[in-house]
Amino acid sequence: MVRQAVLCLIDAERARAGLRPLTRNSALDTAAQSHADAAARLKWWRPGANSHTNPQTGSTPGSRITAAGYCPNPLSWAYAETTYTGWGGSGTPRAAVHWWVNVSTFGHRQIVLSPTMKDVGAGAAAGAADPAGAGASGGGTFVVDFGRCQR
């Protein structure tokens, strides 16, 4: 339900920009969910940390997406990932998508509104991935993996 809310809000932003909705992909869902779960458990997303690389396993968006089986043997493919964590009322799907599209200066808006990305998968976990939010109420961790596959 929470993952679907994130995807619905992303598609609403894409529609406002005149873009087509994305197609849900189970491999991208798997990659995103595993990363969200690990982040909420390990809590390494402190300021200055790389939220896209798991410090325990070394997994990256590309390695997770490939391991999940997205786009085997492609002619060409691309992927991107957005991450967000919040707490105390800011750990919601709406807060995540708002931050990606309206606040972040790290290229998240360009990823969410990319006309070349076609597929999407989402992950959501209860609790903040930043140790500053550990134990706080209303925490949430969100990962969205985007892809384009040509076979």
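The legends below describe close-up views of a predicted model.

**View 1. Helix H2 and its two ends.** Helix H2 comprises residues 26–42, a run of 17 residues. From its first C-alpha to its last, the helix reaches 24 Å, close to the 24 Å expected at 1.5 Å a residue. At the start of H2, the backbone nitrogen of Ala27 has a side-chain oxygen of Asn25 within 2.9 Å. At the other end, H2 is followed by Lys43, which has a positive phi, near 55°.

**View 2. The buried residues of helix H2.** Among the buried residues of H2 are Ala27, Leu28, Asp29, Gln33 and His35. Ala31, Ala32, Ala36, Ala38, Ala39 and Ala40 are also buried. The buried residues of this helix pack against two other helices, H1 (2–16) and H3 (61–67). They also pack against strands S1 (23–24), S2 (76–86), S3 (119–126) and S4 (140–150).

**View 3. The aromatic pair of Tyr70 and Trp77.** The whole structure contains five aromatic pairs. In one of them, Tyr70 and Trp77 are tilted, with 6.3 Å centre to centre and 50° between the planes. Tyr70 counts as buried because its relative accessibility is 5%, under the 20% cut-off. Trp77, at a relative accessible area of 30%, is partly exposed. Tyr70, Trp77 and Tyr79 form one aromatic cluster.

**View 4. The aromatic pair of Tyr84 and Trp99.** Tyr84 and Trp99 form a tilted pair, 5.8 Å centre to centre with 50° between the planes. This pair links distant parts of the chain: Tyr84 lies in strand S2 and Trp99 in helix H4 (residues 93–103), 15 residues apart. Tyr84 counts as buried at 10% relative accessibility, whereas Trp99 is partly exposed at 25%.

Methods. Residues numbered from 1 in each chain as written. Predicted model: local features only at pLDDT ≥ 70, side-chain atom pairs only at ≥ 80, totals over all residues. Heavy atoms only, no water. Helix = DSSP H or I, 4+ residues; strand = E, 2+ residues; numbered from the N terminus. Expected span 1.5 Å × (residues − 1). Buried < 20%, exposed > 50% of the residue type's maximum accessible area, 1.4 Å probe, protein only. Contact = heavy atoms within 4.5 Å. Polar contact = N/O pair within 3.5 Å; in protein donor to acceptor, adjacent residues only side chain to side chain. Phe/Tyr/Trp six-rings, centres within 6.5 Å; stacked < 30°, edge-to-face > 60°.
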